[in-house]
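Here is a short tour of one protein model. Keep the sequence and the 3D view side by side as you read.

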Amino acid sequence: MNKLRLLEAEQLTLTRHHWRAINKYDASIESAKKAGFIHEHGLACEKAGFYFKNLDSNNKKALEYFKQACECYKEWGSSVKVDFIQKEIDSLNERERDSLNVKAHSREPPEAELVACSCS
């Protein structure tokens, strides 16, 4: 069921059905988790992370999904996937730092938090 939900989520992203896509990603994540498919749990989190990253408006949510994916891949034993996801996390943290620097210079209070992942 988790694979079907993931495919549905991916299809919904193409047709820009934002909330429905998110619900399908979450359903895929829960289904994979419940079934004990740690690698598929990681994949669903990874895909959801990229979805939010590409939206460009919710880096915090992307970081949450990537952190989950990183933990799944670590548990699964895939150092290649852990390294790949860690690079995405680092990239988003860099984006957040840049955003905070811009806000600091314009005297606006920072709204975002950087996320650390000790997956490696």
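## Overall build

The protein has 120 residues, and 38% of them count as buried. Buried means under 20% relative accessible area, exposed means over 50%, and partly exposed lies in between (1.4 Å probe, protein chains only). This is a predicted model, where local features need pLDDT of at least 70, side-chain atom pairs count only at pLDDT 80 or more, and totals for chains, interfaces and linings use all residues. Residues are numbered from 1 along each chain as its sequence is written, and side-chain values use heavy atoms, with hydrogens and water left out.

The protein holds 5 helices and 0 strands. Along the sequence, the pattern reads α-α-α-α-α. Helices (H or I, at least four residues) and strands (E, at least two) are DSSP runs, numbered from the N terminus.

Now look at the contacts. A contact means heavy atoms within 4.5 Å. Among contacts between residues at least 6 apart in sequence, 53% join residues at least 24 apart. The accessible surface comes to about 7,400 Å², and carbon and sulfur atoms own 52% of that. Such areas come from the Shrake-Rupley method with a 1.4 Å probe; for residues, only the protein chains shown count as cover.

## Helix 1

Helix 1 covers residues 2–14. Its 13 residues should span 18 Å at 1.5 Å a residue, and its end C-alpha atoms are 19 Å apart, which agrees. The expected span is 1.5 Å times one less than the number of residues.

Which residues of helix 1 are buried? They are Asn 2, Leu 6, Ala 9, Leu 12 and Thr 13. Seen down the axis of helix 1, these buried residues fall within an arc of 125 degrees, so they line one face of the helix. The arc is that of the directions from the helix axis to the C-beta atoms. The face turned away from the buried side carries the exposed residues Lys 3, Leu 7, Gln 11 and Leu 14.

What covers the buried residues of helix 1? The cover includes helix 2 (18–35) and helix 3. After helix 1 comes Arg 16, whose phi is positive, near 60 degrees.

Asp 26 sits in helix 2. At 29% relative accessibility, Asp 26 counts as partly exposed. Asp 26 and Asn 2 are 24 residues apart in sequence, and their C-alpha atoms are 9.6 Å apart in space.

## Helix 3 and its cysteine

Helix 3 covers residues 38–55. Its 18 residues should span 26 Å at 1.5 Å a residue, and the end C-alpha atoms are 26 Å apart, which agrees. The buried residues of helix 3 include Glu 40, His 41, Ala 44, Cys 45 and Phe 52. Asp 56 follows helix 3 and has a positive phi, near 65 degrees.

How many disulfides does the whole structure hold? The search finds 0. A disulfide is a pair of cysteine sulfur atoms within 2.5 Å. The sulfur of Cys 45 is 5.0 Å from the closest cysteine sulfur, in Cys 72, and that is too far for a bond. Cys 45 is buried, at 0% relative accessible area. Cys 72 is buried too, at 4%.

## Aromatic pairs

The structure holds 6 aromatic pairs. Rings of Phe, Tyr and Trp (its six-membered ring) pair if their centres lie within 6.5 Å; planes under 30 degrees apart count as stacked, over 60 as edge-to-face and the rest as tilted. Two of the pairs are set out here.

| Pair | Centre distance | Plane angle | Type |
|---|---|---|---|
| Tyr 25 and Tyr 51 | 5.8 Å | 40 degrees | tilted |
| Phe 50 and Phe 66 | 5.0 Å | 80 degrees | edge-to-face |

Both pairs link distant parts of the chain. Tyr 25 is in helix 2 and Tyr 51 in helix 3, 26 residues apart. Phe 50 is in helix 3 and Phe 66 in helix 4 (residues 59–76), 16 residues apart.

Tyr 51 counts as buried at 11%. Phe 66 counts as buried at 0%. Phe 50 is partly exposed, with 21%.

Ring pairs link Tyr 25, Tyr 51, Phe 52 and Tyr 65 into a cluster.
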